[in-house]
Amino acid sequence: MEYSLNKTNIFNKLILLNDNSINNIVQVIVESVEDFKITGEEKKRLAMILITEYINVMPRNDYTEILLSSLEAGVISDMIDLIILASNKKLKLNKKTISK
């Protein structure tokens, strides 16, 4: 798998962003694994591995501890599920309502 080369590229993108907010980390990684020719479940699993690895190479501080706790609690996994639902238009967002 081209995992190692892409991992370096993905991590470089994140470093260049210079913003380690969880939103940016998840967005960059989820968008990057989308190009892999693997199942959706495998993409999510790969994204979780990459997110974990990236957080583990970040300098240790209170924020990285919160990120690690979020990983362990399943918050980041749930965040990815929400992104998937939104990308598949399964969330009722931006729907016009009819006023009577």
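**Exercise 1.** How close do the axes of H2 and H3 come, and at what angle do they cross?

*Solution.* The model is predicted: local features need pLDDT of at least 70, side-chain atom pairs count only at pLDDT 80 or more, and totals for chains, interfaces and linings use all residues. Residues are numbered from 1 along each chain as its sequence is written, and side-chain values use heavy atoms, without hydrogens and water.

Step 1. Helices are DSSP runs (H or I, at least four residues), numbered from the N terminus. H2 covers residues 22-33, and H3 covers residues 40-57.

Step 2. Axes are lines fitted to C-alpha atoms over the stretch in contact, with angles from 0 to 180 degrees between N-to-C directions. The axes of H2 and H3 come within 9 Å and cross at roughly 140 degrees.

Step 3. Angles under 35 degrees count as roughly parallel, over 145 as roughly antiparallel, 65 to 115 as roughly perpendicular and the rest as oblique. H2 is therefore oblique to H3.

Step 4. Contact means heavy atoms within 4.5 Å. The residues of H2 that meet H3 include Ile 25 and Val 33, and those on the H3 side include Lys 43 and Tyr 54.

**Exercise 2.** Classify the packing of H3 against H4 and locate Asn 56 in it.

*Solution.* Step 1. Helix H4 spans residues 62-73; its axis is 10 Å from that of H3, at an angle of about 155 degrees. H3 is therefore roughly antiparallel to H4.

Step 1. Asn 56 and Leu 67 are eleven residues apart in sequence and 9.6 Å apart in space, C-alpha to C-alpha.

Step 2. Buried means under 20% relative accessible area, exposed over 50%, and partly exposed in between (1.4 Å probe, protein chains only). At 40% relative accessibility, Asn 56 is therefore partly exposed.

**Exercise 3.** Determine the geometry of the aromatic pair and the parts it links.

*Solution.* Step 1. Rings of Phe, Tyr and Trp (its six-membered ring) pair if their centres lie within 6.5 Å; planes under 30 degrees apart count as stacked, over 60 as edge-to-face and the rest as tilted.

Step 1. Phe 11 and Tyr 54 are 5.1 Å apart, centre to centre, with 65 degrees between the planes, an edge-to-face arrangement. Phe 11 lies in helix H1 (residues 3-17) and Tyr 54 in H3, so the pair ties together parts 43 residues apart in sequence.

Step 2. Both Phe 11 and Tyr 54 are buried.

Methods:
Helix = DSSP H or I, 4+ residues; strand = E, 2+ residues; numbered from the N terminus.
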